[in-house]
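Me: I've got a new structure open and I'd like to learn how to read it. Could you take me through a few features, one by one?

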Amino acid sequence: MVTELVAGANLALPGARAGFAVPGPFDLSALVLGADGRVAGDGDMVFYNQPSAPGVGLRGAAIDVATDRLRPGAERVVVLASPEAAGLAFGSLPAPELTATGPDGRPFARFRAGGLRTETAAQLVEVYRRAGRWRLRAIGQGYADGLGGLVRDFGVDVAEEPPPPAPAPGGGPLAEVVAATNVERARHGLPALTVDARLGAAAQDHSDDMVRRAFFSHDNPDGAQVWDRALARGYRYRKVAENIAAGQRSAADVVAGWMDSPGHRANILDRELTQIGVGHALGGGYGTTWTQVFGTPL
């Protein structure tokens with residue numbers, strides 16, 4: 001039987017393992033917390049660029065929790081969601097609907113986090129220990145200051161960032177994104193990225209494609225991903241990464257949104273990446289679509 005949860009409701013886990021999935025344009029992440037309600041360190045956050053911690057793993061679009069493998073002192077695992085498009089609020093999307101599965105892979109609970117409007121990150125559910133037994137509680141609490149603001153409340157070290165500087169006049173939105181990105185890298189002692197025309201073409205291809213075919217994802221409807229697009233433009237790489245966003249009206253807004261999202265921020269501040277290309281397209285359901293492609297050539 002599948003239990004339909006409302007905010008505040010709880011039930012016993014059916015075993016030591018549970019999976020949590022939310023369909024739609026959302027990114028999932030998780031925090032492992034101690035009895036004090038805080039992380040023991042940044043390693044207690046599981047997200048796109050850090051997909052595992054003891055007992056918790058991000059697998060595709062699902063979070064898996066193994067309560068018998070959590071680090072010593074762990075008392076809670078909080079499952080978080082944020083819109084996949086950086087800076088987008090929940091109110092412009094369908095309400096996130098979480099399905100919890102047990103050790104046998106069968107659903108045992110569902111929770112629809114309704115009522116989220118201007119918030120850009122949310123706690124969906126938590127796995128917690130009570131009297132030596134593990135339980136699941138529905139939360140549905142939203143945060144207006146993004147995933148970065150949410151995780152800071154639990155002790156994750158996300159540096160406060162001043163707003164990006166005003167872009168240089170006459171540079172155009174693509175050059176402005178590059179400039180603002182390099183300002184962020186300089187603040188963290190990293191060398192500036194250099195522009196590569198092949199990466200720029202791959203980024204522009206993806207922004208144009210997302211508008212033309214009305215989708216928003218790193219995978220296009222044919223299954224191609226960033227490395228496929230880079231290779232198609234003749235860029236042979238040692239490492240490649242991609243950020244996408246939609247709805248922002250300026251380069252400053254989009255870079256600020258990426259820096260507020262741990263996964264996107266990690267790409268911008270990746271010391272191993274040396275080059276960048278940017279794409280920007282108007283139209284579609286979001287109004288604007290942005291793509292950054294980062295690379296390190298062979």
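Me: Let's start with A214: which loop is A214 found in?

Reply: This is a predicted model, so keep that in mind throughout. A214 belongs to the loop joining α3 and α4. It comes just after α3 and takes a positive phi of about 55°.

Me: Is A214 buried or exposed?

Reply: The idea is to look at relative accessible area: over 50% counts as exposed. A214 has 69%, so A214 is exposed.

Me: What caps the N-terminal end of α3?

Reply: That's D196. One of its side-chain oxygens lies 2.9 Å from the backbone nitrogen of R198.

Me: Which residues of α3 are buried?

Reply: Here's the general idea: an α-helix has 3.6 residues a turn, so residues three or four places apart point the same way. In α3, the buried residues are L199, G200, A201, A202, A203, H206, S207, D209 and M210.

Me: And what covers the buried residues of α3?

Reply: The cover includes helix α4 (226–232) along with strands β15 (237–246), β16 (275–282) and β17 (288–297).

Me: Since you mention β17, which residue could I look at in that strand?

Reply: Take T296, which lies in β17. The cut-off for buried is under 20% relative accessible area. T296 has 4%, so T296 is buried. Leaving out residues up to four places away in sequence, T296 touches Y235, Y237, R238, K239, E272, L273 and T274.

Me: What about S82: buried or exposed?

Reply: S82 has a relative accessibility of 9%, so S82 counts as buried. You'll find S82 in strand β9, residues 76–83. Setting aside neighbours within four places in sequence, its contacts are P25, F26, D27, F90, T120, A121 and L147.

Me: How many residues are in the largest nonpolar core, and which touch the most other members?

Reply: Think of a core as buried nonpolar residues joined through their side chains. The largest one here has 44 residues, and F20, I63 and L136 touch the most other members. A second, separate core has 19 residues, among them V178, W258, M259 and I276.

Me: Which residues does I63 touch?

Reply: Not counting residues up to four places away in sequence, I63 touches A18, G19, F20, L28, S29, A30, V46, V56, G57, L58 and V79.

Me: Which residue lies over the face of Y128?

Reply: For this feature, you check how far a charged group is from the centre of a ring and whether it sits over the face. Here R137 lies over the face of Y128, at 4.0 Å from the ring centre.

Me: Last one: where is R249 found?

Reply: R249 is in the loop between β15 and α5 (251–259). With a relative accessible area of 80%, R249 is exposed. R249 and D270 are 21 residues apart along the chain, and their C-alpha atoms are separated by 25 Å.

How values were computed:
Residues numbered from 1 in each chain as written. Predicted model: local features only at pLDDT ≥ 70, side-chain atom pairs only at ≥ 80, totals over all residues. Heavy atoms only, no water. Core = buried A, V, L, I, M, F, W, Y, C linked by side-chain atoms within 4.5 Å. Buried < 20%, exposed > 50% of the residue type's maximum accessible area, 1.4 Å probe, protein only. Contact = heavy atoms within 4.5 Å. Helix = DSSP H or I, 4+ residues; strand = E, 2+ residues; numbered from the N terminus. Polar contact = N/O pair within 3.5 Å; in protein donor to acceptor, adjacent residues only side chain to side chain. Lys NZ or Arg CZ within 6 Å of the ring centre and 35° of its normal.
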